[in-house]
Amino acid sequence: MPKYAEEILAAVTELQQHPKAEHVFLEMKREHPSIALGTVYLPPLPGAGKRQSYGGEVL
């Protein structure tokens with residue numbers, strides 16, 4: 001598990017919304033001044049947002 005994974009998850013849960021990575025980063029930076037934005041940013045996964053076809057049915 002990545003170094004800050006549990007703390008990032010806790011920060012997102014405490015915010016009680018769907019925050020942007022920058023917001024989570026700023027929250028984490030309070031306790032971990034050396035944390036980098038890339039630590040909390042999850043780039044889009046390949047194919048994310050594209051329609052997928054499973055067994056002929058487009059989802």
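These notebook entries record what I looked up in one predicted model.

**Basis.** I worked from a predicted model in which local features need pLDDT of at least 70 and side-chain atom pairs count only at pLDDT 80 or more, while totals for chains, interfaces and linings use all residues. Residues are numbered from 1 along each chain as its sequence is written, and side-chain values use heavy atoms, with hydrogens and water left out.

**Fold.** I looked up the secondary structure and found 3 helices and 2 strands, in the order α-α-α-β-β along the sequence. Both are DSSP runs numbered from the N terminus: helices are H or I of at least four residues, strands E of at least two.

**Surface and contacts.** I noted an accessible surface of about 5100 Å² for the chain, 57% of it belonging to carbon and sulfur atoms (Shrake-Rupley method, 1.4 Å probe). Of the 59 residues, 20% are buried; buried means under 20% relative accessible area, exposed over 50%, and partly exposed in between, with a 1.4 Å probe and protein chains only. Among contacts (heavy atoms within 4.5 Å) between residues at least 6 apart in sequence, 23% join residues at least 24 apart.

**Helix 1.** I then examined helix 1, where I8, A11 and L15 are buried. These buried residues fall within an arc of 60° seen down the helix axis, so they line one face; the arc is taken over directions from the axis to the C-beta atoms. In general, an α-helix has 3.6 residues a turn, so residues three or four places apart point the same way. The buried residues of helix 1 pack against helix 2 and helix 3 (37-40). On the other side of helix 1, I recorded E6, L9, T13 and E14 as exposed. Q16 follows helix 1 and has a positive phi, near 50°.

**Largest pocket.** I searched for pockets on a 1 Å grid over the protein atoms alone: a pocket is an open set of points where a 1.4 Å probe fits, with protein on both sides within 12 Å along at least five of seven lines, and lining residues have an atom within 4 Å of a point. The largest pocket holds about 200 Å³ of space. Helix 1 (5-15) and helix 2 (21-31) each supply at least two lining residues, and helix 1 gives the largest share, 5 residues. I counted 4 nonpolar, 1 polar and 5 charged residues in this lining.

**Second largest pocket.** I found about 150 Å³ of space here. Its lining has 10 residues, of which V12, P19, A21, V24 and V40 lie nearest the centre. The lining divides into 8 nonpolar, 1 polar and 1 charged.

Notes: Points joined across faces, edges and corners; volume = space filled by probe spheres on them. Nonpolar A, V, L, I, M, F, W, Y, C, P; charged D, E, K, R; others polar.
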